[in-house]
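Look over the model, then read on.

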Amino acid sequence: MQGGKWVRTPVDRFVLARLESRGWSPSPRAERHALIRRVTLGLTGLSPTFDDVRRFEADKSPDAWPRLVDRLLASPHYGEHWGRHWLDVARYADNKGYVGVGVDRRYPYSYTYRDYVVRSFNEDLPFNRFILEQIAADHLELDDDKRALAAMGFLTLGRRFLNRQDDIIDDRIDVVTRGFMGLTVTCARCHDHKYDPVPTADYYSLHGVFASSMEPEDLPKLGGPPSPHHAEYLKEKAGREAAIEAFRRETYAKGRAELRRRAGEYMQAVREVAREKLTGKALDTWLTQRKLNAIAFRNWQRALVRWKAERHPVFLKWFGAKEGGNPLVANAAAGKDLAALYSALFKESEKRWNEIRKKHPDVGGLPDANWEAIRLVVLGPGTPATVPENLGEGDPNSLLFGKRNQLRTMRSQLGKLAATHPGSPPRAHVLNDKLRPVEPYIYVRGSRHNRGPKVPRQFLKHLAPDRKPFARGSGRLELAEAIAHPENPLTARVLVNRVWAHHFGRGLVTTPSDFGLRAEGPTHPRLLDWLAARFVAEGWSIKKLHRLILLSATYQQSSMKRSECAGTDPDNALLWKMKRQRLSFEAMRDSILSASGQLDLAVGGRPVDIARHPTMPRRTLYGFIDRQNLPDVFRTFDFASPDAHCPERFENIVPQQALFLMNSPFLQAQSGQFLKSADGQGELGAKQVKLLYRKIHQRNPTAGEIRDAIAYLDGAPREKRSEAFAQLAQVLFLSNEFRFID
Amino acid sequence: MGHHPFNPEHLGYTRREFLSRAGMGLGALGLGNLMARGNPLLPKAPHFRPRAKRIIHLFMNGGPSHVDTFDPKPSLQKFAGKMLPMPNLPTERKTGAAFPCPYQFARHGQSGLPVSEIFPHTARHMDDICVLRSMRADVPNHEPSLMLMNCGESILTRPSMGSWLTYGLGTENQNLPGFIAMCPGYPIQESQNWQCSFLPGVYQGTYIDTRKRKVEDLIRHIRNPRMSLEEQRRQLDLLRRINERHAKARQNESQLEASIHSFELAYRMQLEATDAFNINREPEHVRRAYGDGIQARQILIARRLVERGVRFVQVWHGNSQPWDQHDDLETGHRNLARECDQAIGALLSDLKSRGLLEDTLVMWGGEFGRTPTVELPKPGSNAGKVNGRDHNHHGFSMWLAGGGVRGGMAYGATDEFGFRAVENVMHVHDLHATILHLMGFDHEKLTFRHAGRDFRLTDVHGHVVHDIIA
């Protein structure tokens with residue numbers, strides 16, 4: 001082919017130059033059927049319909065292709081598919097990973113970040129703004145629409161590493177630096193980067209930025225109209241909160257009753273401790289062994305000292321007086337166990353009190369002054385037989401201590417309600433600046449306890465030689481501005497390369513998140529530079545970038561192998577053809593559901609469980625991502641690991657994939673759907689086979705294919721013909737024609 | 001036999017015939033080079049000639065006490081109920097006086113290695129066992145220690161040893177997963193214990209919940225509930241025909257052929273995997289030798305798996321952390337040992353008589369050991385029975401058998417009371433380095449490039465302990 005005639009856009013000139021230097025020519029344009037399938041799946045992650053294909057094949061106007069590209073870029077499903085690409089970068093998941101036994105792991109509002117990303121792609125939010133919002137939306141001027149706050153899920157939705165702050169910060173530095181700039185800054189956590197110009201000092205400059213940021217207890221609402229289920233949610237929430245409060249009250253009441261019941265024991269304990277002169281740890285152990293509450297014990301200690309000095313009538317006998325004092329005490333026949341006598345008297349006074357309160361709820365005290373005096377010891381203000389309510393549940397002396405797990409469960413139910421109830425208002429997992437920013441210092445060899453020199457919070461030296469220390473709060477906004485700066489040599493190139501890699505199955509730089517010195521250089525450096533410059537000049541518009549790439553002849557090449565090139569360039573580094581790509585897990589599942597007519601195309605919302613059977617027929621994007629126990633099927637099909645930032649997905653072919661396709665209830669159910677649509681159309685035959693091919697392969701079957709299919713149906717026993725038809729549908733889903741994109 | 005849906009005899013021919021029939025048509029596709037691309041599980045050669053080809057890791061999760069199992073400390077008797085003449089080392093909780101082992105130890109085999117009475121069956125194999133008495137981990141908490149033992153890193157997400165080995169070696173049997181983790185329930189940290197982390201997803205351990213009994217419940221998607229194998233064969237024949245036509249029009253590109261082949265593999269996997277997990281196929285005397293209960297069942301399955309070429313089988317004792325006896329250690333350890341000992345003994349005999357022990361490494365141990373001193377009561381964590389032991393990472397025991405390891409030896413030692421490893425200390429990283437060595441790898445060279453650097457199981461640590469290699 002004549003090279004010059006082949007060129008459609010400037011992109012092609014760069015590609016052609018490299019091909020011609022080898023004496024190679026580009027591949028011819030792919031068939032229209034292949035082209036529309038390639039671009040539809042490439043932009044929306046969904047297969048085109050049979051009608052889409054037919055219309056495009058029939059459209060002979062010169063702008064048929066650009067119009068198709070524009071239509072797809074305007075589809076709401078474009079943002080879903082490309083949003084998912086970005087979620088790989090952002091190591092998105094809907095929970096925190098392991099944070100301890102019984103602790104709620106869920107991020108209740110993770111979905112607001114996912115939806116923010118989808119919307120940003122659909123609205124073609126300029127990429128530099130996208131950067132600012134994800135790192136520092138809390139510093140930006142926002143109107144009543146606070147949805148941009150959700151952008152900060154980029155930072156906050158990572159793993160939690162048993163809540164170790166330094167590891168959480170490391171993960172945030174990683175997602176920011178590899179994600180936006182293809183720089184492996186976290187290599188410099190323990191020592192200067194071994195290959196790239198990133199000193200440890202720079203790592204801790206960034207560490208200081210995140211150490212100066214915190215997650216507020218109360219996550220901000222995103223605004224917007226309240227959900228129709230809001231009142232219902234509030235009611236349910238109030239109910240659960242009241243149940244927690246009631247449980248607390250009840251637990252306190254029981255705990256106090258127990259302290260009153262054992263009042264005599266505490267008095268005895270005070271006496272013995274004094275005799276044994278126990279203090280400090282020995283005292284603690286002594287109390288623990290007797291299951292005595294240390295705070296209540298100290299209360300009694302102090303009270304008895306005071307009452308001894310005051311010659312409290314109730315306690316005269318306790319302190320050895322032979323007579324006098326409260327007659328009820330004085331006259332009681334004291335056996336050996338004086339403490340038990342006191343306990344019995346306290347108990348009796350409480351009993352009398354309860355009885356009289358039943359009859360006269362407003363009564364202020366017992367009518368008998370002597371009984372009243374006894375009652376006041378355990379039930380009066382300032383009684384030693386109590387423990388303050390404001391102790392944390394983790395304090396072994398709190399009366400709630402043993403009930404910690406129940407309370408935790410009840411609270412996590414409250415969290416679950418916020419996460420799952422449709423009326424719970426959406427919120428953003430944001431970061432805010434701490435009141436006083438942290439002055440970072442270097443952790444020598446990565447150890448927090450090994451203090452090195454102080455460093456200012458500031459950007460990376462190599463990328464900003466005349467940098468100044470960050471001056472506004474944590475410095476997050478300044479960090480974001482430095483990354484999004486048009487002069488930043490990495491940001492635009494890294495993004496452009498990511499987009500390119502998704503379209504071609506291989507980046508111009510083959511390590512999309514490592515542009516460091518150890519990475520291989522770009523195959524087409526000038527093309528990368530040109531695309532990046534153009535991208536910035538055109539306002540950081542990703543949609544314009546897509547157009548630039550998709551309208552090229554390079555993108556529209558056939559995927560046929562050519563032996564003259566494949567021998568020396570098997571990886572197609574020089575782009576002498578289009579690479580054949582396997583459908584991603586999401587595109588495969590979504591296309592199956594779409595062909596079977598089951599796909600629910602609603603956009604956005606809370607995550608749903610898609611791994612269960614029967615599946616929720618939402619797009620796979622909306623499936624709950626459990627980063628701790630990611631369902632096997634995700635991993636089997638090379639879904640992005642949500643453990644850490646994921647530069648690109650693996651593309652493996654293993655029999656476990658085949659097992660899922662052959663045997664899973666999901667495939668059975670979707671294949672079975674075709675029987676419903678064929679119902680009442682007479683005997684299953686050529687007509688229905690044709691329909692299957694149109695739905696699944698978006699084309700008519702050939703005569704040979706119809707023959708094979710009919711033979712298959714005929715090969716089944718009569719009563720199993722419809723089952724065989726469903727099996728036939730399944731075969732088409734399993735076929736390479738369905739699972740690969742030419 | 002009706003509940004074994006994949007018994008090929010039903011179809012009127014033997015298993016061998018069936019397998020060859022199932023693979024029909026592969027010849028035409030050129031099995032050898034077709035598998036060369038796309039399938040990351042193909043067998044690969046290690047760096048040098050390995051001593052062990054596969055591993056069974058018997059994971060006593062929770063942390064078994066070494067002074068009550070394989071590391072006798074008579075000196076504890078002298079101090080029974082008294083404080084040790086050394087300060088107690090810091091562990092998770094406070095401990096008090098010396099707590100002598102409540103069991104008797106006796107010497108076994110020609111080597112005369114001492115074993116506590118709670119492991120009588122294991123004891124018969126001491127001449128094949130190398131007891132590592134000087135193990136050391138980093139912290140006295142379960143989560144980080146589990147991660148360290150499995151993945152070589154306490155906090156950050158790193159691939160597990162099974163994933164590293166499957167990545168390095170592929171699997172000998174394409175009809176089974178290369179790395180299988182069995183547990184009745186889940187240990188704490190759940191599937192992170194067999195995670196592949198940044199390695200490709202295919203290297204993640206395949207988890208099997210051994211509380212389930214029916215074979216088709218053990219492995220997901222291993223059978224089609226609606227189709228007989230014959231029907232499925234017919235379906236896959238059509239698929240192959242369609243795929244071959246498609247591939248032919250595309251110069252039989254390798255990834256297309258790999259995909260075609262994956263269905264044939266999967267078809268055979270259905271048979272072989274079902275077969276591997278079906279212990280009813282074992283003769284009566286073998287099943288009797290392993291005994292009853294979940295441990296027996298899963299340890300016998302482990303043998304069937306390694307026999308079929310599964311690379312790494314991890315057998316977890318139980319849900320959560322059964323060996324974690326802060327209280328009631330005496331009865332607790334006795335019961336736990338009773339649950340698994342007979343099967344472990346049978347496993348070792350069985351492997352040996354089949355000639356498998358030579359190149360199968362059996363590994364026994366927990367994430368750490370326990371203190372030689374009694375745990376003191378603490379509200380909220382220990383009710384105060386004062387008859388258990390706390391976690392101990394300063395020193396603990398594991399044992400290895402087979403796979404090129406010297407039997408009948410004890411390596412390293414803890415101090416007089418079993419608190420801290422003091423002689424030939426073997427950190428978990430050293431254990432990993434040694435295991436990789438036995439499997440034919442230089443642990444410093446089995447690496448994967450991730451986030452800008454080459455990661456390895458032992459990070460920047462680990463020394464191969466040659467003294468324990470036969």
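Two residues are in contact if their C-beta atoms, placed from the backbone, lie within 7 Å. Helices (H or I, at least four residues) and strands (E, at least two) are DSSP runs, numbered from the N terminus. This is a predicted model: local features need pLDDT of at least 70, side-chain atom pairs count only at pLDDT 80 or more, and totals for chains, interfaces and linings use all residues. Residues are numbered from 1 along each chain as its sequence is written, while chains are lettered from A and ligands numbered from 1 in the order in which they are written.

**The helix pair**

In chain A, helix H21 (residues 491-504) packs against helix H23 (residues 542-550). Their axes lie 11 Å apart, at an angle of about 50 degrees. On the H21(A) side, the contact uses A:Val496, A:Val499, A:Trp500 and A:His503. On the H23(A) side, A:Ile542, A:Leu545, A:His546 and A:Ile549 meet them.

**Positive phi**

Which residue has phi near 45 degrees? A:Phe161 does, and A:Phe161 is not a glycine. B:Ser320 also has a positive phi without being a glycine. A residue is buried with 20 or more other C-beta atoms within 10 Å of its own, exposed with 12 or fewer, and partly exposed in between.

| Residue | Phi | Other C-beta atoms within 10 Å | Class |
|---|---|---|---|
| A:Phe161 | near 45 degrees | 20 C-beta atoms | buried |
| B:Ser320 | about 60 degrees | 14 C-beta atoms | partly exposed |

A:Phe161 sits in the loop between helices H9 (153-156) and H10 (165-181) of chain A. B:Ser320 lies in the loop between strand S8 (312-316) and helix H13 (329-353) of chain B.

Notes: Axes fitted to C-alpha atoms, helices over the stretch in contact; angles between N-to-C directions.
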